Amino acid sequence: MIINKLDSIEFRLKEAQDFTWLKKYGTAFWVVDETGSGCICIGMEDKDKKYFCKIAGADTIGAEMSPPESVALLKEAVHLYYDLQHPNLIKIIEEYEYRQFYVVVFEWAEGECLFDHWNFRKYENDPDLKSPKERFRELSVGKKLKTAEVLFHFLENVNQKGYVAVDFYDGSLIYDFSTDVLTICDIDLFRKAPVINDKGEEWFGTKRLKAPEEYEKGSVIDEQTNIFTLGALLFEFFGTFSEKEIHRRYQENQFRPCSLSNWQLNKESYQVAKKAVSPNKRDRYLTFADFFEDWKKAVERIRINE
């Protein structure tokens, strides 16, 4: 592991690299150097604007693929941000090849990632420091309902355009606690249907939230999987789980909803979310539109009371 430096930030790579060519975007102020995709993400700012630079092709730590594979993946992902444009989806400014790298420059999104795994040690070392995930859990019901509605609208658009939300989880979300704006920041692995799980248990995604078909090789990944994904996220937003319960998901390769007593909203919304995460696809909603309609009806009274 080699410590590299750009302006005042330091980041870890398996080799020394020169990133001074990024200086055309200003000064480096932020970095994430540990991603499964093998990309390094660097925040740059000049006097007028901030930029989120996602760079494939560096030999990063924690990468689950080689640098050339990382480049191929990022190149393939670019069209997704254009095809699935949405007010809450991060926007591309430009993309290009530079030496062995592939670079995608996005508009900067203010806020904090709701699953910032690269900072976990920081929270462990300082018990008084709350993670963005914890802070989000403590928000009012009304603010979290608005966030859920953004995800419903975004994934409804994903379904309508024939895509499957692969590896979509709380690590794909940035929340600005000062403005209560949600930004969706990572859809690199989304795919056009039809999609077949060709990796078995190693299919992309966190075991905290994956659907049963995302563990079974040869299974179809489709609209019902999108329904499960959002249902699981709703339980993350409005449910309470012990560390033991979360650990069981990793051990057993199975998402389990919390009990009704540990659900923050009403019984009607609990039943909607629970139906969405039914292990058997036939027991889930037939369409994403049906899921959204039932959710809106279930939380309508809660909205009025907020």
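**Exercise 1. Find how many residues the hairpin uses to join β4 to β5, then describe the pairing.**

Step 1: Start at the turn, where four residues form the hairpin link between β4 and β5. Strands here are DSSP runs of E with at least two residues, and helices are runs of H or I with at least four, numbered from the N terminus. This is a predicted model, in which local features need pLDDT of at least 70, side-chain atom pairs count only at pLDDT 80 or more, and totals for chains, interfaces and linings use all residues. Residues are numbered from 1 along each chain as its sequence is written, and side-chain values use heavy atoms, leaving out hydrogens and water.

Step 2: Check the direction: β4 (residues 40-45) and β5 are antiparallel, with six bridges; DSSP must find at least two bridges for two strands to pair. Ile40 sits opposite Ile55 in β5.

**Exercise 2. Work out which strand β5 pairs with over six bridges besides β4.**

Step 1: That partner is β7, again antiparallel. Ala56 stands opposite Tyr102 in β7.

Step 2: Now look at burial (under 20% relative accessible area with a 1.4 Å probe, protein chains only; exposed is over 50%, partly exposed in between). Six of the seven residues of β5 are buried, so the rest of the structure largely encloses this strand.

**Exercise 3. Identify what the buried residues of α1 pack against.**

Step 1: Locate α1 at residues 67-83. Its buried residues include Val71, Leu74, Val78 and Tyr81.

Step 2: Follow their contacts (heavy atoms within 4.5 Å). The buried residues of α1 pack against β5 (50-56), β6 (92-98), β7 (101-107) and β9 (163-164).

Definitions and conventions:
The expected span of a helix is 1.5 Å times one less than its number of residues.
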